[in-house]
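This report walks through selected parts of one structure, section by section. Please look over the sequence and the model below before reading on.

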Amino acid sequence: MQYRSTRGQSEPVDFVGALLNGLAPDGGLYMPESFPRFSADQWRALRGKPYAELAFEVMRPFVAGSPTDDALRSILHKAYTGFGHPAVTPLVQLGPNRWVLEQFHGPTLAFKDVAMQVLGRLLDHVLEQQERRLTLIGATSGDTGSAAIEAVRGRDRCSICILHPHGRTSEVQRRQMTTVAEPNVLNLAVEGSFDDCQALVKAMFADTAFRDDVPLSGVNSINWARVLPQTVYYAAAALALGGPDRPVRFVVPSGNFGNVLAGWIAKQMGVPIERLIVASNRNDILTRALNTGRHDLGEVHQTFSPSMDIQVSSNFERLLYELYQRDGNAVRNLMQGLKTDQRFEIAPDALAMAHRAFSAYRVDEHQTLQTIGEVARTCNGYLVDPHTAVGVHAADQHDAALASGQIEGDADTPTVVLATAHPAKFPDAVEKASGVRPPLPAHLADLYDRPERFDIVPNALENVESAIRNRFGAPRQ
């Protein structure tokens with residue numbers, strides 16, 4: 001399996017190349033040259049498989065023998081051994097044809113663990129074989145950072161630096177990152193937004209002199225190896241609900257678009273996904289782009305669901321690559337328009353293709369809190385975090401559109417809302433909405449007592465690079 005850049009100006013690489021490079025040299029994101037498609041019989045044969053075994057079967061065609069089958073199987077089994085539920089991502093029924101897929105049973109209580117625990121072990125395996133070291137760079141609006149740090153803390157061949165927007169994550173999210181004491185971990189609080197952090201990460205990859213000092217790879221979902229493991233839980237949920245003989249609808253709270261993109265890839269592989277519903281908070285650039293075709297950057301607003309407080313969704317570029325029939329020149333022009341004019345417009349044919357797969361809804365702050373309270377009242381005290389609440393309310397909006405005839409679809413199709421984070425990661429919002437303060441699990445019970453370690457830096461590339469070079473890199477000659 002070869003991987004090509006969405007911008008069409010870099011040489012193709014294999015899976016290991018995509019894993020280690022993170023971002024392509026031309027600034028694009030790697031995409032596989034094709035998507036393997038499983039037959040209905042192949043999917044039926046995977047029903048009831050343990051999660052790690054299902055992950056092996058789904059991911060194996062993309063890896064193509066490097067790592068070997070034995071190594072990949074071992075990596076996946078070790079990755080999911082520490083999850084707090086044997087199903088890894090269990091389904092919980094909220095009502096007729098309405099489910100949530102709990103993705104928060106990993107060590108940092110967020111869906112990012114499902115991929116990060118795999119990514120960390122993949123990197124360790126490959127770097128050991130090649131006798132190399134890397135520094136992983138990532139930007140986080142909340143959950144990516146802690147999941148990435150947990151995946152590589154204390155490892156011999158990886159260091160990690162996570163940039164987070166100073167004062168714009170929940171306290172639990174911040175402390176999960178900043179209370180890790182291992183010397184291969186560096187936390188930088190950037191005086192800016194998540195989009196600023198993400199721009200700094202991309203700028204570091206483009207700075208060849210800096211990369212000579214500090215060999216880099218990406219840990220955000222710009223890295224293909226972050227997206228690939230996320231396809232597995234779509235298959236697991238669909239098979240559990242009757243797939244491939246029954247379609248399923250998924251609702252995905254989305255900021256950087258990686259999670260919902262993984263669902264689109266699963267659909268290309270033959271998972272019976274009737275529709276993917278993108279749920280946005282007040283920062284609704286994805287909803288506006290998918291509904292109107294106009295992608296116009298706006299101000300980033302702080303919300304109760306900070307992991308979605310984003311205006312530049314990196315993984316949307318991967319979808320654009322597919323919508324534009326893998327035309328790297330077209331994607332490069334769109335990204336240049338975003339850089340220079342802070343906007344671009346999706347061509348009518350490409351937008352029509354998107355509309356066949358996606359719906360998108362915006363959920364405001366009042367609706368988010370209202371939904372947390374309503375779910376608690378009507379579902380025997382079940383608590384959802386604010387991101388999941390955005391998804392639940394988007395599902396309600398979609399159901400209303402179906403009932404009114406505004407859109408076509410079968411109202412009896414099971415709808416699965418991705419529960420992307422544990423409610424205890426956002427205790428203030430959950431308590432405000434439900435009257436119940438969710439406690440942290442036992443392994444994090446002392447989180448508020450642990451000392452924090454992070455540096456506050458200006459939103460400037462030279463300051464960030466200096467901090468990383470001082471910790472991990474050789475001095476520049």
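E4 covers residues 98-102, and five of its five residues are buried. The model described here is predicted.

E4 pairs with strand E3 (residues 91-95) in the antiparallel sense, over four bridges. Within this pairing, Leu91 has Leu101 of E4 as its bridge partner. E3 and E4 form a hairpin with two residues between the strands, and Asn97 in this hairpin takes a positive phi near 60°. E4 also pairs with strand E14 (residues 415-419), here in the parallel sense and over five bridges. In that pairing, Glu102 stands opposite Ala419 of E14. In general, the strands of a sheet pair through backbone hydrogen bonds, and the pairing is either parallel or antiparallel.

## The five-strand sheet

Another part of the model is an open sheet of five strands in the order E8-E5-E6-E7-E15, with parallel pairing. Strand E8 (216-218) and strand E15 (455-457) are the edge strands, each pairing on one side only. From one strand to the next, the twist averages 30°. Within the sheet, strand E6 (residues 158-165) pairs with strand E7 (residues 185-190) in the parallel sense over six bridges. Ile160 has Val185 in E7 as its bridge partner.

Helices also belong to this part of the picture. Helix H6 (residues 143-152) packs on the sheet and touches strand E5 (134-139), E6 and E7. The direction of H6 makes about 165° with that of E6. Helix H20 (residues 461-472) lies across E5, E6, E7 and E15, and runs at about 165° to E7.

## Aromatic pairs and a charge over a ring

The model has eleven aromatic pairs. One of them joins Tyr3 and Trp224, with 5.8 Å centre to centre and 50° between the planes, a tilted arrangement. This pair links distant parts of the chain, since Tyr3 is in strand E1 (residues 3-5) and Trp224 is in helix H10 (residues 224-227), 221 residues apart. Tyr3 is buried because its relative accessible area is 0%, under the 20% cut-off. Trp224 also counts as buried, at 0% relative accessibility.

A second pair is formed by Tyr234 and Phe250, whose ring centres are 4.9 Å apart. Their planes stand at 70°, so the pair is edge-to-face, the cut-off for that class being over 60 degrees. Tyr234 lies in helix H11 (residues 231-240) and Phe250 in strand E9 (residues 248-253), so the pair ties together parts 16 residues apart in sequence. Tyr234 counts as buried at 0% relative accessibility, and Phe250 is buried with a relative accessible area of 0%.

Ring pairs also link Tyr3, Phe15, Phe62 and Trp224 into a cluster. Elsewhere, the charged end of Arg73 sits over the ring of Phe56, at 3.9 Å from its centre.

## Helix H11

H11, the helix that holds Tyr234, is mostly covered, with eight of its ten residues buried. The buried residues in H11 are Thr231, Val232, Tyr233, Tyr234, Ala235, Ala237, Ala238 and Leu239. Just after H11, Gly242 takes a positive phi of about 110°.

Where does Asn256 lie? Asn256 is in the loop between E9 and helix H12 (258-268). Is Asn256 buried or exposed? Asn256 is buried, because its relative accessible area is 12% and the cut-off for buried is under 20%.

Leaving aside residues up to four places away in sequence, Asn256 touches Phe194, Gln198, Ser221, Ile310, Val312, Ser313, Ser314, Asn315 and Phe316. With Ser221 there is also a polar contact of 3.5 Å, joining the side chains of Asn256 and Ser221. Asp124 is 132 residues from Asn256 along the chain, and the C-alpha atoms of these two residues are separated by 26 Å.

Conventions: Residues are numbered from 1 along each chain as its sequence is written. This is a predicted model: local features need pLDDT of at least 70, side-chain atom pairs count only at pLDDT 80 or more; totals for chains, interfaces and linings use all residues. Side-chain values use heavy atoms; hydrogens and water are left out. Buried means under 20% relative accessible area, exposed over 50%, partly exposed in between (1.4 Å probe, protein chains only). Two strands pair if DSSP finds at least two bridges between them. Rings of Phe, Tyr and Trp (its six-membered ring) pair if their centres lie within 6.5 Å; planes under 30 degrees apart count as stacked, over 60 as edge-to-face and the rest as tilted. A charge sits over a ring if NZ of Lys or CZ of Arg is within 6 Å of the ring centre and within 35 degrees of the ring normal. Contact means heavy atoms within 4.5 Å. A polar contact is a pair of N or O atoms within 3.5 Å; within protein, one must be able to donate a hydrogen and the other to accept it, and residues adjacent in sequence count only if both atoms are side-chain atoms. Axes are lines fitted to C-alpha atoms, for helices over the stretch in contact, and angles run from 0 to 180 degrees between N-to-C directions.
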